[in-house]
There are 2 protein chains.
Amino acid sequence: MARQALTTRAEDYAQWYLDVIAAADMAEHAPVKGCMIIKPWGYGIWERMQQSLDKAFKETGHENAYFPLFIPKSLLMKEAEHVEGFAPECAVVTHGGGKELEEPLYVRPTSEAIICASYANWVKSWRDLPIKLNQWANVVRWEMRTRLFLRTTEFLWQEGHTVHETHDEAREEVFTMLDVYARFAEEVMAIPVIRGKKSEAEKFPGADDTYCIEAMMQDGKALQAGTSHDLGQNFAKTYGIQFQGRDGTNQHAWSTSWGVSTRLVGALIMAHADDSGMVVPPLLATIQAVVVPIFKGDDEAAAMVADAKAMVAAMATAGVRAKADLRDNLRPGPKFFEWEKKGVPVRIEYGARDKAAGTCIVVRRDTGEKTTLPVASLATDVPRLLAEIQANLYAKAKAHRDARIFDVETYDEFKARIDGGGFFRMRFCGDRAVEARIKEETKATIRCFPLDAQADPGPCAVTGVPTNGVRAIFARAY
Amino acid sequence: MARQALTTRAEDYAQWYLDVIAAADMAEHAPVKGCMIIKPWGYGIWERMQQSLDKAFKETGHENAYFPLFIPKSLLMKEAEHVEGFAPECAVVTHGGGKELEEPLYVRPTSEAIICASYANWVKSWRDLPIKLNQWANVVRWEMRTRLFLRTTEFLWQEGHTVHETHDEAREEVFTMLDVYARFAEEVMAIPVIRGKKSEAEKFPGADDTYCIEAMMQDGKALQAGTSHDLGQNFAKTYGIQFQGRDGTNQHAWSTSWGVSTRLVGALIMAHADDSGMVVPPLLATIQAVVVPIFKGDDEAAAMVADAKAMVAAMATAGVRAKADLRDNLRPGPKFFEWEKKGVPVRIEYGARDKAAGTCIVVRRDTGEKTTLPVASLATDVPRLLAEIQANLYAKAKAHRDARIFDVETYDEFKARIDGGGFFRMRFCGDRAVEARIKEETKATIRCFPLDAQADPGPCAVTGVPTNGVRAIFARAY
């Protein structure tokens, strides 16, 4: 097996991204336009993301449920803004069971319509509130230009849908879930994020407010890594979610929704992978440590294989997801190369000389650093190393991002610098037409108004109109 | 809340089934024809089923992946038998992104077509084999008459798809997975099953052989609880899964597929529920033990609530999924009734007199038996009790089933007894026309030829033709 080099990030970032996915064998295009096949190494990362998020959802009082894939056209069409946002990108089932359907069914692009219609049946009194459900599901949004993980016609996601007695309670939910997402991104994915509010132009169709977490990729572009929507009473009014309040009056409920999708796997690649391939944060790796025994001939093999298995067993007792690569049709070199491309956090090389010394060579994927460690202490050394790698990946991504957040005072300055990538904090008057013009002229959008921003009064960088001074973050985005 | 009685099994078994689902709040019909909404209490059971099966799949060397929801018409149409079996019940997407599609997309009724087409790209050499993947997914099969969980247009399932170098290895996989399913049914669902082979008429469209596990419901009808298919080289030939063998020759691979679905939740209800509602086996219960404190007035409340929480915490340390029902708008009676309907295995009643004695009343859902137990020993008593309940449910279901398996020697005898329900072991000549006639005349089908059957030569009960004597199991089925 020849050691085929990947396209480097400097050469062609977009091609590098696809090369990493192919080299790590994470996904590929399906024979269906715009759809992808998520292969085991990519799906394993998604599974760990699911487990971690699902635990956090349950700890914050949510339960899982499942609502249908299909939404009758008439039901989807009820919420005007929502329809305008989603109907054009829907896949439509017109035939079923060999017959043309009386009413077309839309394959869900998101499930507010069908879930809110059910909540309307379930909610009668304030005693029935809140309802806090989540579902893990596939959704379909027709896409013209697709990119594996980042933008595919079908993707996997979770969507939380809650309904509350008061706006305050609904808003508390919105921020609780934004916080769940932000902590997950930072602590598990090792990607720093900015929590913010979307502009009017960028918010979810049908929401009062959309909050998001925004991450920076290695090319300085933004990636929206999760959204949490305050839907106000919009969907409750459309679908009739009404209840008798504590004071006996009839009221409309307040709803929220929030979701993250398999595009997070794309974010993970663009945040951590390097010119040698994928780099998986230890907390998301199906295999955290791989042992590659090195031996010549069958005489040596048996003992080395036995040792490798013992090393895996020792690490497993310490909670490490370890594996021994015992394939007999590959030499050690190609094995090292394969696990490097897949981004396994720790590789352990173990040959006859190591055996004699009771040591092994431990290689970190994030830094490439090689250390000789005693075999006897792997069960304590490897967990420590994995924690270090997890922390280092976050620190590296944060340093990269922090060095690329810029304050700009004028639109000219912004236009001059946007090609270089990064997040540009710029005062903005809030006018939708101006926002559209910026997007057209620079391909950059308002990623968010950061929640922790300090007021910094001054003129709008584009129009010169005085602003109260919360700077918006402008960037090009995936 | 009035104590509304369910329809009893004796009165109307079909209505009882629906009443149990409604009373336990497990699922309901969706506003989309034939589809269901799986509510948290029903979905929680499915989640535990998933966890248990997923673990077993991984332990037997499988990995998860994800393939697209949509299958291009031309791809589905390649395998003749498969098309005949599935195409008529497919939902068809004809429009996407606001335009009519050039080629219609079928919503997957099962994924052999799209997965085998991918395997054909992945497999070049015997070194690439086996591939052993599973996916958790939704599938759609248009149904005229639907019943919650048992038969719905969209359902959730897992589908394993493997491809092997030799037929022997593929058959080993088929039986390994049949065994995984059988052990899951018996050890986790507490439902005894018969492992068998399907008749030619009942096998999977496109398979050489279909193996199944068959369970008996309380009304004596059968329910197919899982299938494992030996697909021979059929799909490999259709989709071109070829490899260079060890001997250098070009060969077609051997494939298998196997699956279970949300209909298992229906099986669970019909196997264990009673006239008071659902009965969930402890291993599948989201809540295994519920503590209901009984108190009058706020003075008593605080101490009782604190004790209830302490009891839950003590049980949790012993691995019990426990919950305290602290709702202040329901009296204890309606709470007891609600948890009974939901089928929580153990209910713990705790009032002022119990507090004084340091005891509580523990009620088993399976037998209704009440025992007074020391509060201090709940952490050891409840796990023991849960194990007893799990074992008792299995024993009860097995005794029920074993008493309803009958040997019949003549077709007349069979026709006279089939209305009474049960599994009828009958000699059968194997003729498809005869099998069709039996189905038409009695609504019973061959559930399987049990794998552990002893040869018992004699004449076919219908035609009198001599048979080698493996009796087929005939029954009416869900």
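Biologist: Which residue of β19(A) is the bridge partner of A:Cys360?

Modeller: In this predicted model, A:Cys360 has A:Leu373 of β19(A) as its bridge partner.

Biologist: What makes strand β18 (residues 359-364) of chain A and β19(A) a pair?

Modeller: Five bridges join β18(A) to β19(A), and the two run antiparallel. Pairing requires at least two bridges, so the five between β18(A) and β19(A) meet the criterion.

Biologist: Why are β16 and β19 of chain A called edge strands?

Modeller: The open sheet of five strands has the order β16-β15-β17-β18-β19 (chain A), with mixed pairing. β16 (322-324) and β19 (370-374) of chain A each have a single partner strand, so one side of each has no neighbour in the sheet. From one strand to the next, the twist averages 25°.

Biologist: Which helices lie on the sheet of chain A?

Modeller: Helix α9 (residues 297-317) of chain A lies across β15 (289-293), β16 and β17 (346-350), and runs at about 165° to β15(A). Helix α10 (residues 332-342) of chain A packs on the sheet as well, touching β15 and β17 of chain A, with its direction at about 170° to that of β15(A).

Biologist: What is the strand order in the sheet of chain B?

Modeller: The order is β16-β15-β17-β18-β19 (chain B), in an open sheet with mixed pairing. Strand β18 (residues 359-364) of chain B pairs with β19(B) in the antiparallel sense over five bridges. In β19(B), B:Thr371 is the bridge partner of B:Val362. Helix α10 (residues 332-342) of chain B touches β15 (289-293) and β17 (346-350) of chain B, its direction making about 170° with that of β15(B).

Biologist: At what angle do helix α9 (residues 297-317) of chain B and helix α12 (residues 378-402) of chain B pack?

Modeller: The angle is about 60°, with the axes 8 Å apart. α9(B) passes α12(B) in a right-handed crossing. In this contact, α9(B) contributes B:Met311, B:Ala314, B:Met315 and B:Thr317, while α12(B) contributes B:Leu378, B:Ala379 and B:Val382.

Biologist: How many residues of the contact of α9(B) with α12(B) are nonpolar, polar and charged?

Modeller: Six are nonpolar, one is polar and none is charged.

Biologist: Into which domains is chain A divided?

Modeller: Chain A is divided into domain 1 (13-272), domain 2 (287-385) and domain 3 (405-475). The C-alpha centres of domain 2 and domain 3 of chain A lie 50 Å apart.

Technical notes
Residues are numbered from 1 along each chain as its sequence is written. Chains are lettered from A and ligands numbered from 1 in the order in which they are written. This is a predicted model: local features need pLDDT of at least 70, side-chain atom pairs count only at pLDDT 80 or more; totals for chains, interfaces and linings use all residues. Axes are lines fitted to C-alpha atoms, for helices over the stretch in contact, and angles run from 0 to 180 degrees between N-to-C directions. Helices (H or I, at least four residues) and strands (E, at least two) are DSSP runs, numbered from the N terminus. A crossing is left-handed if the near helix is turned anticlockwise from the far one by less than a right angle, and right-handed if clockwise. Two residues are in contact if their C-beta atoms, placed from the backbone, lie within 7 Å. Ala, Val, Leu, Ile, Met, Phe, Trp, Tyr, Cys and Pro count as nonpolar, Asp, Glu, Lys and Arg as charged, and the others, Gly among them, as polar. Domain bounds come from an automatic or database domain assignment.
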